[in-house]
There are 6 protein chains.
Amino acid sequence: MNEIDSCSRRRRERIRSMKKPTILLPLLLLLSNILSFSSAADFCVADLTLPETPSGYSCKKPTTVTVSDFVFSGLGVPGNTSNLIKAAVTPAFTTQFPGVNGLGLSLARLDLAVGGVIPLHTHPAGSELVLVVQGSILAGFISSSNGVYYKTLNHGDIMVFPQGLLHFQLNCGDSPAVAFASFSSPTPGLQITSFALFGNNLPSSVIEKVTFLDDAEVKKLKKVLGGSG
Amino acid sequence: MNEIDSCSRRRRERIRSMKKPTILLPLLLLLSNILSFSSAADFCVADLTLPETPSGYSCKKPTTVTVSDFVFSGLGVPGNTSNLIKAAVTPAFTTQFPGVNGLGLSLARLDLAVGGVIPLHTHPAGSELVLVVQGSILAGFISSSNGVYYKTLNHGDIMVFPQGLLHFQLNCGDSPAVAFASFSSPTPGLQITSFALFGNNLPSSVIEKVTFLDDAEVKKLKKVLGGSG
Amino acid sequence: MNEIDSCSRRRRERIRSMKKPTILLPLLLLLSNILSFSSAADFCVADLTLPETPSGYSCKKPTTVTVSDFVFSGLGVPGNTSNLIKAAVTPAFTTQFPGVNGLGLSLARLDLAVGGVIPLHTHPAGSELVLVVQGSILAGFISSSNGVYYKTLNHGDIMVFPQGLLHFQLNCGDSPAVAFASFSSPTPGLQITSFALFGNNLPSSVIEKVTFLDDAEVKKLKKVLGGSG
Amino acid sequence: MNEIDSCSRRRRERIRSMKKPTILLPLLLLLSNILSFSSAADFCVADLTLPETPSGYSCKKPTTVTVSDFVFSGLGVPGNTSNLIKAAVTPAFTTQFPGVNGLGLSLARLDLAVGGVIPLHTHPAGSELVLVVQGSILAGFISSSNGVYYKTLNHGDIMVFPQGLLHFQLNCGDSPAVAFASFSSPTPGLQITSFALFGNNLPSSVIEKVTFLDDAEVKKLKKVLGGSG
Amino acid sequence: MNEIDSCSRRRRERIRSMKKPTILLPLLLLLSNILSFSSAADFCVADLTLPETPSGYSCKKPTTVTVSDFVFSGLGVPGNTSNLIKAAVTPAFTTQFPGVNGLGLSLARLDLAVGGVIPLHTHPAGSELVLVVQGSILAGFISSSNGVYYKTLNHGDIMVFPQGLLHFQLNCGDSPAVAFASFSSPTPGLQITSFALFGNNLPSSVIEKVTFLDDAEVKKLKKVLGGSG
Amino acid sequence: MNEIDSCSRRRRERIRSMKKPTILLPLLLLLSNILSFSSAADFCVADLTLPETPSGYSCKKPTTVTVSDFVFSGLGVPGNTSNLIKAAVTPAFTTQFPGVNGLGLSLARLDLAVGGVIPLHTHPAGSELVLVVQGSILAGFISSSNGVYYKTLNHGDIMVFPQGLLHFQLNCGDSPAVAFASFSSPTPGLQITSFALFGNNLPSSVIEKVTFLDDAEVKKLKKVLGGSG
């Protein structure tokens, strides 16, 4: 390409001939011009003191942002599985990790002791991708058309759960299991079916009518899960 | 699945053996952990006192949200059709119904007296789906490529109007007509062509040049519709 | 605006001086030019014989589209409520009404006989707006943070259910109820919790582990709802 | 940062010690691995022979894509303004310029002779940004709330027209005007109000009812613009 | 269509029979009703004093918006090319032109003196469409799969650069070149590769490890471009 | 709530009184009705034999989908780090894992031997979240405004990299490092800066002009990385 070659020659001469002081002033002006129209649109670290909007939280002032806003260190510690479900979920959603605000993703750590369970639940606002790093996990979901998809996942396996569909994870192995769940939203939400049914004050009679469950079953589980009504 | 069976046995024993006090404390901790990372991302009831953003209004504090924020009761009353167009539109957009903020939809009631008309208009920000519940309505739209699509809709019929295209509804029947219009946005907007042409102070000469309409016609309709210039 | 006035004078003279034949040829060329770059982007009536994509179905050829593609007439007839739930849902989603493909909305009719129920369910892909047109309906939803929102809706009332959250409708009145549900997607999906739990072959032991339900309850409801395992 | 320094030393030694043949094979494997998971998601040049979808056309095979797919040369030639509106629009939308498919933008050239006009119109699917490069143009739009915004634009001026709103451009100057219009969609659509009203077979009586225009005016303009009915 | 004809007759009589005072009051009520539910959703002129959100800035109060918010006059003046790259970029992004906030597009002017260069760069948040209006520009981009696409663009040529991909523009001609770049975002961002590598305080050792560049080269360019470390 | 109580009583009687045969037929009809309007909108497993579209691949027929479509087992095996960069990336993007098509996320495994590096690169189409599971990784990114953010990440730490920005990972520790990278897109793309500069046939003179790099440096790295020109 002849035109490029002649371009090149011109340019190399130009660079060599410019002394540093000559370079520096127009360079600073140039940088200043370029940087003046860069905005914070690269990221929007959440300012949790400001109201939320449908697209996420308002942004912290860019001048106050540091690398710590983009790093989260809570997922290296096993969650406490001494509870009813013998499992723990440690989230890094916007509220815990403001740096993911507006960036379309988030993470959580799942710890399942032997026999542990992440009960049937949905994420209304995001799809989920589970990666098993320790032990084995039986995981599955149910589709809108009542298709059932489940499989035992071992170390290195991943499974995807489409947004909004009922799914679960179980540790049916002989040792604790650990997995990490990615989400396609910084705030995917979490609705655990049994807690939604039995862990609040929605009247038992309503629950029974909308689920076909027996009154005895509903009342019993409300006691277990702290509900009333 | 043998592994599930053994899982099951272990779990049933575990649940039975746990007395309620043993269940309750870890359960509360668990619930607290789970609820602590739920955010208001489920919904974002508009706080109309705060500025709007491109994605909608900022959200009311979740702690102030009640069921009333999700219910709107204004669409059961017929609108007042004693006007130029013998029709009325009763909207439930964000401004009237803050609960739809950020949720991707809204509704309006259309009342058309005999001979009533919803004049030619567009919704810049949403598609529309009209359902006729009383009487009959002649409805139609025009596409970008000048295709014309219209039909008389009777009780139970629905018609969809793609976003941004000119459309209209007419009551050419013998009795009042009522319809409900769904929109694919909580703020679909509404631009009525004749009001936009004749109901403001855009100079007549400009209107004539950009529409080919006669000066006499423009001036006359400006008088009727309250415009000037 | 002097420049506009002189513009106007020139133009009116030009229009008047042009005879129809003089107008017609350049007009046709102009129309042809304009229409040549209009595309089918206004709408995309689903061609259900072609594969679906993440954004919806491929479009029918625009030349084959008629007004019938934008009109759906199935919602005027009450659904058949002689079933277990004494209710019926008559949808106008893409599969039934290809005209809504890609337009961001759809509709369904809900019929609830006395005591009828639309069981607890979610729509993974859309928010819902229910309008009661006859009778009364007790409707409610549960949020991710376990907030419970329910109310009795009467004629003309509307209630919004955010995407992906568990919700239900009940007819606790003395007469049949009818409502129309708008959705913020042409394919919102529908996952009925009890059918998802008990209407397929997901093993009972898994269900019990992930919901805390008793084996007896699970087995019983599997029989009622046609499940197995 | 000591750890980086030691890293650096190790690396420089490694690079220097690797002879080219040693580099080349693992490099090729590496490149092959990396390139194997790159997809065509960078771009999606439209294959106009395949059906459209709500998100745009299906993509040409990446192996058939060349630089010519990303370059369009039609906007340097003035459009033919010998027509009714003394203006021309030369588009580079997907149909003319398949390379913009799925990329969120497109362009068009506007030529306005003295007295020329781009008649009142909307773009249902995109916002517009007009840049004047020659002459002067009176441009304006009307908002949903009937606000009127217009100004004379000179060389180098730009004006933005929000999606879906009625707007126009006029050349009220003494010389031909040229502008370029950017759009926020590869297929913004174009609906010219007067052509939509008078250039098709929508019955005159309907037009009169939905616009308040006189029958005489409607009939006259239908003759001028080639409509019927 | 007989029903339309009878409609028409009724309407024309109605309009004629209404005297202006009769028209005006219900018209004003009607207009008031219609305008009362129009929102600012048409546009959202940025209030730069308020925090940014993931979807853009909060909106100025609609009552304070004038036509000046939609017009920007800075692109008619050549940028100052007396700098290292012999080029200038004059942006009209949200920060300079608040009217584009939330509207999905923006614009910039590119001036390239003879031998000028817009160095290799990306726009993380938008695709770009360059239109050459003066001179000629060698422009190109590199795809994820390492495909190279470049061409000399002359007056009237446009080239599209998909979002996020490395691209550049060079003036290898004999006269100054001017182009205008449209973007598919009001804040597309700008990351110039060499400035990102050499214009900040990222340690040289890190740069060398992640780019394979020689220490001498890195140190030299850090001096030229104002970096350190 | 008295109305609910009476509802409940009626319903329990109804259920008890229904014998299984009575339940089964209307149930099957009901299920059939419900399932008939479920669509494949829950997910869209990619059919890689069909063309791609801007929103992803067309979907496999739902009837051919099994759980294997939602599980990927390639991330448990360390990648081969015997190459120039002493690192490997094992992706699970759409091409490898068709189940993520249209679901908004994907995953990859990163293996970095001692001194290994994932060279400076961008993902044009998605943000990234890196989780370190073994060893330690120095990771960082550069913003559009030339801010530099880097930190050493240890086991359990995560760091987010906004879409489209230059970033890198280095193993400056004493042992192999392993991390998993989530992306906010099923096809985030990958552009490695040095490969894009030196690994193809973009002429050296162009590279030098657009980066300020010396000809010697460019030529040398082209040899190392397999480029030409």
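Here is a chat about a predicted model, working through why some of its residues and chain contacts get the labels they do.

Me: Which residues is Ser194(D) in contact with, leaving aside its neighbours within four places in sequence?

Reply: Some are in chain B and some in chain D: Val210(B), Thr211(B), Phe212(B), Gly199(D) and Leu225(D).

Me: What makes Ser194(D) and Thr211(B) a polar contact?

Reply: The cut-off for a pair of N or O atoms is within 3.5 Å. Here a polar atom of the Ser194(D) side chain lies 2.6 Å from the backbone oxygen of Thr211(B), so the pair is inside that limit.

Me: How many residues does the contact between chain B and chain D take from each chain?

Reply: It takes 47 residues from chain B and 47 residues from chain D. Together the two chains bury about 3,800 Å², with 63% of it on carbon and sulfur atoms. On the chain B side, Gln191(B), Val210(B) and Phe212(B) lose the most area to chain D, and together they make up 17% of what that side buries.

Me: Why give an area for an interface at all?

Reply: Because the accessible area lost when the parts come together is often used to give the size of an interface.

Me: What makes Asp214(B) and Lys220(D) a salt bridge?

Reply: The rule asks for a side-chain nitrogen of Lys or Arg within 4 Å of a carboxyl oxygen of Asp or Glu. The closest N and O atoms of Asp214(B) and Lys220(D) are 2.7 Å apart, so this pair passes. Across the interface of chain B and chain D, the rule finds 2 salt bridges. There are also 22 residue pairs in polar contact, both at pLDDT 80 or more.

Me: Which elements of chain B each supply at least two residues of the side that touches chain D?

Reply: Several do, among them β6 (117-122), α3 (193-198) and α5 (215-225) of chain B. The largest share, 6 residues, comes from α3(B). By class, that side of chain B divides into 28 nonpolar, 15 polar and 4 charged residues.

Me: What about chain A and chain F: how many salt bridges are counted there?

Reply: The count is 0 salt bridges, but 11 residue pairs are in polar contact, both at pLDDT 80 or more. In chain A, α1(A) gives the most to the side that touches chain F, with 6 residues. That side has 32 nonpolar, 19 polar and 9 charged residues. The contact takes 60 residues from chain A and 60 residues from chain F, and the two chains bury about 4,900 Å², 70% of it on carbon and sulfur atoms.

Me: How do you know that β10(A) and β3 of chain F pair?

Reply: Pairing takes at least two bridges between the strands. β10(A) and strand β3 (residues 71-72) of chain F have 2 bridges, in the antiparallel sense, so they count as a pair. Met159(A) has Val71(F) as its bridge partner in β3(F).

Me: What makes strand β5 (residues 106-112) of chain D mostly covered?

Reply: 7 of its 7 residues are buried. Ser106(D), Ala108(D), Leu110(D) and Leu112(D) point one way, while Leu107(D), Arg109(D) and Asp111(D) point the other way. β5(D) runs antiparallel to strand β4 (residues 87-92) of chain D, joined by 6 bridges, and it pairs in the antiparallel sense with strand β12 (residues 177-183) of chain D over 7 bridges. Leu110(D) is the bridge partner of Val89(D), and Leu110(D) also stands opposite Ala179(D) in β12(D).

Me: Is Arg109(A) buried or exposed, and why?

Reply: Buried, because its relative accessible area is 5% and the cut-off is under 20%. Arg109(A) is in strand β5 of chain A, and its side chain reaches the backbone oxygen of Leu75(A) at 3.0 Å. Leaving aside its neighbours within four places in sequence, Arg109(A) is in contact with residues including Gly76(A), Pro78(A), Val89(A) and Ala179(A).

Notes: Residues numbered from 1 in each chain as written. Chains lettered and ligands numbered in written order. Heavy atoms only, no water. Contact = heavy atoms within 4.5 Å. Buried area = accessible area lost by both parts, 1.4 Å probe. Polar contact = N/O pair within 3.5 Å; in protein donor to acceptor, adjacent residues only side chain to side chain. Helix = DSSP H or I, 4+ residues; strand = E, 2+ residues; numbered from the N terminus. Nonpolar A, V, L, I, M, F, W, Y, C, P; charged D, E, K, R; others polar. Buried < 20%, exposed > 50% of the residue type's maximum accessible area, 1.4 Å probe, protein only.
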